[in-house]
Amino acid sequence: MRAMTMLARRAPTSISGNDTLLHLDTTLRRGRRGDQVRLVQEWLCLHEFEVMIDGQFGWATDQAVRDFQGASGVLPVTGEVDPQTFAMLIRPMAEALRRIEPPRGATFGQMVAAYALQHLRNAAREVGGANRGPWVRLYMHGDQRPRSGAAVESWNAGFVSTMIAQAAAALEIGPPIDYHTNVTRLAEEAIAAKRFMSGDRAVRDIGKINTGSLLLLRHGGQRNKWHHTGVVTQALPKFVRTLEGNSAYAPDESPSGHAVVRQMRSYGNLDFVLL
């Protein structure tokens, strides 16, 4: 439990695809266009300074930047996004990526849960549409709305994979599970690595579901296909408490969630990856 409340250090953990999310090449001002302008607009919206996310630095974006700078209490109000303003905009992501010093005796699972909590506290969520925005691109290694067959992939597997990568980096060990954006592939690797626990067994042996284990939500009740995952923070006799990125798909296959959230789930349709 102590690992869940440790303060983070100052150095961000290196996660694939974050360079373009955390660094600004040049000062942006009215008249500029492109992906970096779009990123600034996304962060303005995430901070509730709403503006169109169109990649064009017009008068509305200029004013939104001025409003953000003024609200900060420390930034000069220029309407331009220099490195200082950009650092303030992306501070939640930088905080979520900061290394947590492992407490003595901390388990790998406790570190996974600690990082998931750190992302929750920094309000990781979509912006600009379903499966879109800088948080989604962080978890999906630069992609957003990636497709798997005929369906759009959600980002919950990318979220847990990122938590695993951060925990492994903090403990200076190799990750026990590779990075995945597809939940079924994550489950298949867990089965091969003998880290998989079926829901039927879990109900009889809850004590083996440690903090930081992963839940796997079966797709339509099937035994060999899964479509959602999250991080277990506590396994109780009737349900589990979790931290999840995005959420499970509803029966009509439409995403029903858009953020890193706390959840509680009954065991009925769940399997687990033990970490």
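Visitor: Which residue does Arg-30 form a salt bridge with, and how far apart are the closest N and O atoms?

Guide: Arg-30 pairs with Asp-62, and the closest N and O atoms are 3.3 Å apart. A salt bridge here is a side-chain nitrogen of Lys or Arg within 4 Å of a carboxyl oxygen of Asp or Glu. This is a predicted model, in which local features need pLDDT of at least 70 and side-chain atom pairs count only at pLDDT 80 or more, while totals for chains, interfaces and linings use all residues. Residues are numbered from 1 along each chain as its sequence is written, and side-chain values use heavy atoms, with hydrogens and water left out.

Visitor: Where do Arg-30 and Asp-62 sit in the chain?

Guide: Arg-30 is in the loop between helix 1 (19-22) and helix 2 (35-46), and Asp-62 is in helix 3 (residues 59-72), 32 residues apart. Helices (H or I, at least four residues) and strands (E, at least two) are DSSP runs, numbered from the N terminus.

Visitor: Asp-62, buried or exposed?

Guide: Asp-62 counts as buried, at 5% relative accessibility. Arg-30 is partly exposed at 40%. The cut-offs are under 20% relative accessible area for buried, over 50% for exposed, and partly exposed in between, with a 1.4 Å probe and protein chains only.

Visitor: How many salt bridges does the count come to?

Guide: The count is 9. One of them joins Arg-218 and Asp-271, at 2.9 Å from N to O.

Visitor: Which strands hold Arg-218 and Asp-271?

Guide: Arg-218 is in strand 6 and Asp-271 in strand 10, so the pair ties together parts 53 residues apart in sequence. Arg-218 is buried at 4% relative accessibility, and Asp-271 is buried at 2%.

Visitor: Which residues are joined into one network by shared partners?

Guide: Arg-30, Asp-62 and Arg-66 are, through salt bridges that share partners.

Visitor: New topic. How many residues are in the largest nonpolar core?

Guide: That core has 66 residues, and Val-81, Trp-135 and Tyr-139 have the most contacts inside it. Helix 6 (residues 108-121) gives the most to this core, with 9 residues. A nonpolar core is a set of buried Ala, Val, Leu, Ile, Met, Phe, Trp, Tyr and Cys residues joined through side-chain atoms within 4.5 Å.

Visitor: What is Trp-135 in contact with?

Guide: Leaving aside neighbours within four places in sequence, the contacts of Trp-135 include Trp-43, Leu-46, Pro-92, Met-93 and His-119. Contact means heavy atoms within 4.5 Å.

Visitor: Which residues does the second core include?

Guide: The second, separate core has 12 residues, among them Met-197, Leu-215, Val-232 and Val-240.

Visitor: And what stands opposite Val-232?

Guide: Thr-242 in strand 8 does. Strand 7 and strand 8 pair in the antiparallel sense over 4 bridges and form a hairpin with 3 residues between them. Two strands pair if DSSP finds at least two bridges between them.

Visitor: How many bridges join strand 8 to strand 9?

Guide: There are 7, and these two strands run antiparallel. Thr-242 is opposite Gln-263 in strand 9. In strand 8 (residues 239-245), 5 of the 7 residues are buried, so the strand is largely enclosed by the rest of the structure.

Visitor: Last one: what do the buried residues of helix 9 pack against?

Guide: They pack against helix 8 (156-171), strand 5 (196-197), strand 6 (214-218), strand 7 (226-235) and strand 10 (270-273). Among those buried residues are Val-183, Leu-186 and Ala-190.
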